[in-house]
Amino acid sequence: MWQVFIKELIELLRDKKTLFFIIALPLVIFPVIFALMGFLGAKAAITQSEKIVKYVIVNEEAAPDFANVLFYHNDFKKVDVEVSDEASYIKAIKDEQVDLVIVLDPEFNKHQNASEKSTWKIFFNGSKVIGGSRIKLEDAMDRYAEDLQQEMFSQLGLSREQFDVFKQPIVLEEVDTADERESFGEQLGGFIPYLLIPLCLTGAMYPAIDVGAGEKERGTIETLLLTPVSRFSLVFGKFLCILTTAIMTAVITILSMVFWTFLVGRVFSVDEVAQVLAAVGFFEFIMVILLLIPVCSIFAALLLAISIYASSYKEAQNYMGPLTVLVIFPVIVGMTPGINLDGVWALVPISNVALAIKELLKGTMDFAYMVPIFASTGIFAFASLAFCVYWFNKESVLFR
């Protein structure tokens, strides 16, 4: 068994494709992709927030004070565009002549004097969500509406202090009992297993194809079967090889995430990130790796069974593709708000590991749940391996 394991491992380490998926992908490629995505997203947000909104006001004479607020506002620029009806408003926005058309109620003063509500209408492109025209207009209108309210209360003889009390009669003082680590873990803890678990599957996938379907395609499976090694030892040696690569992928990914997150926190002076990472101890990282071992075992056994059945690389890849989608669903549970690790979820393989990793990062893990988590995933992994051995003993599967 160990000879088979060492032989398969040496062959895999000679394969550049396997090394790419086990080492380069989690260590370099993913951090670069995420950093690039973050940089482009931040740049787009800054560009949108600094963009000057070109606007046109229809019926401007109804509220000259509001027109002055926008005219002297740094985020807005009045443009001269001829508009007459809704079709022309929409056309001007689509032609990018303006970003915003504000249609005031021509009877605004009359409604205000009669203490009646007035309806204004705005036209804008809602697809520009980040720093969009509507958000900037709402900010400017809130200030104008507050001035109007204050003016109306002054006419009623109320002071500024009474106006402030009327506007906000109750002050809600918040005391958050969650520390920074718990808040950070709740927000990002579900994302970590969403990245880790599929990577474990990817790290096991290509070695599994090589040691199963690859042997068939190269014509070496018959030679291997003639060796004085039992079928169980052959399967277990191949299984251990796939399991090792999957765990290596998980460990390298965790180290890479810790390193890059710590580095980004230091370089960009995000002290909260460094403090949260410092709060997550060595024990929690070890527990995360231990939790991933039975998950990697399940992946290794299932992928090896599929690879043994497939007669070529291409066929094995076709069978393994849907498995990636199936793995995503239980992992998403860890990202779903309101779902926490309890007695029921602790028995659901993969989902229980995703939820446990989240709880470990939050620092709120109830270690009593470790028993059902390891028991359920361990039983599932053992059953998968037993099926794999049974599958390997069938001549109709090996030589189909």
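At 1.5 Å a residue, the 20 residues of α15 should span 28 Å, and the end C-alpha atoms of α15 lie 29 Å apart, which agrees. The expected span of a helix is 1.5 Å times one less than its number of residues. Helices (H or I, at least four residues) and strands (E, at least two) are DSSP runs, numbered from the N terminus. The model is predicted, so local features need pLDDT of at least 70 and side-chain atom pairs count only at pLDDT 80 or more, while totals for chains, interfaces and linings use all residues. Residues are numbered from 1 along each chain as its sequence is written, and side-chain values use heavy atoms, with hydrogens and water left out.

The chain has 18 helices and four strands. Of its 400 residues, 40% count as buried; buried means under 20% relative accessible area, exposed over 50%, and partly exposed in between, with a 1.4 Å probe and protein chains only. Among the contacts in the chain with a separation of 6 or more, 73% are accounted for by residues 24 or more positions apart. Contact means heavy atoms within 4.5 Å.

Within α15, the buried residues are E315, A316, M320, L323, V327, P330 and V331. Their cover includes α9, α10 (213-218), α14 and α16. An α-helix has 3.6 residues a turn, so residues three or four places apart point the same way.

Helix α9 (residues 191-211) packs with helix α15 (residues 313-332) at an angle of about 165°, their axes 10 Å apart. That makes α9 roughly antiparallel to α15. Axes are lines fitted to C-alpha atoms, for helices over the stretch in contact, and angles run from 0 to 180 degrees between N-to-C directions. Angles under 35 degrees count as roughly parallel, over 145 as roughly antiparallel, 65 to 115 as roughly perpendicular and the rest as oblique. The crossing of α9 with α15 is right-handed; a crossing is left-handed if the near helix is turned anticlockwise from the far one by less than a right angle, and right-handed if clockwise. From α9, the residues that meet α15 include P193, Y194, I197, L201 and M205, and those they meet in α15 include M320, L323, V327 and V331. By class, the contact of α9 with α15 has 17 nonpolar, two polar and one charged residues. Ala, Val, Leu, Ile, Met, Phe, Trp, Tyr, Cys and Pro count as nonpolar, Asp, Glu, Lys and Arg as charged, and the others, Gly among them, as polar.

α9 itself has 21 residues and reaches 31 Å from its first C-alpha to its last, close to the 30 Å expected. Another partner of α9 is helix α14 (residues 282-309), which packs with α9 at an angle of about 35°, with the axes 9 Å apart. α9 passes α14 in a right-handed crossing. On the α9 side the residues include L196, C200 and A204, and on the α14 side they include V288, L292, V295 and F299. The contact of α9 with α14 has 16 nonpolar, one polar and no charged residues.

Elsewhere in the chain, helix α6 (residues 133-155) has 23 residues and reaches 33 Å from its first C-alpha to its last, close to the 33 Å expected. Its buried residues are S133, K136, L137, A140, Y144, L148 and F153. The axes of α3 and α6 come within 10 Å and cross at roughly 135°. That makes α3 oblique to α6. The crossing of α3 and α6 is right-handed. D65, F66, V69 and L70 of α3 and L137, A140, M141 and Y144 of α6 make the contact, which by class has seven nonpolar, no polar and one charged residues.

H73 lies in the loop between α3 (64-71) and β2 (76-78). With a relative accessible area of 14%, H73 is buried. Leaving aside neighbours within four places in sequence, H73 is in contact with A140 and R143.

Backbone angles remain. Most residues other than glycine have a negative phi. I350, not a glycine, has a positive phi of about 70°. I350 sits in the loop between α15 and α16 (351-362) and counts as buried at 11% relative accessibility. E96 has a phi near 60°, also positive in a residue other than glycine. E96 is in the loop between α4 (86-94) and β3 (100-103) and, at 56% relative accessibility, counts as exposed.
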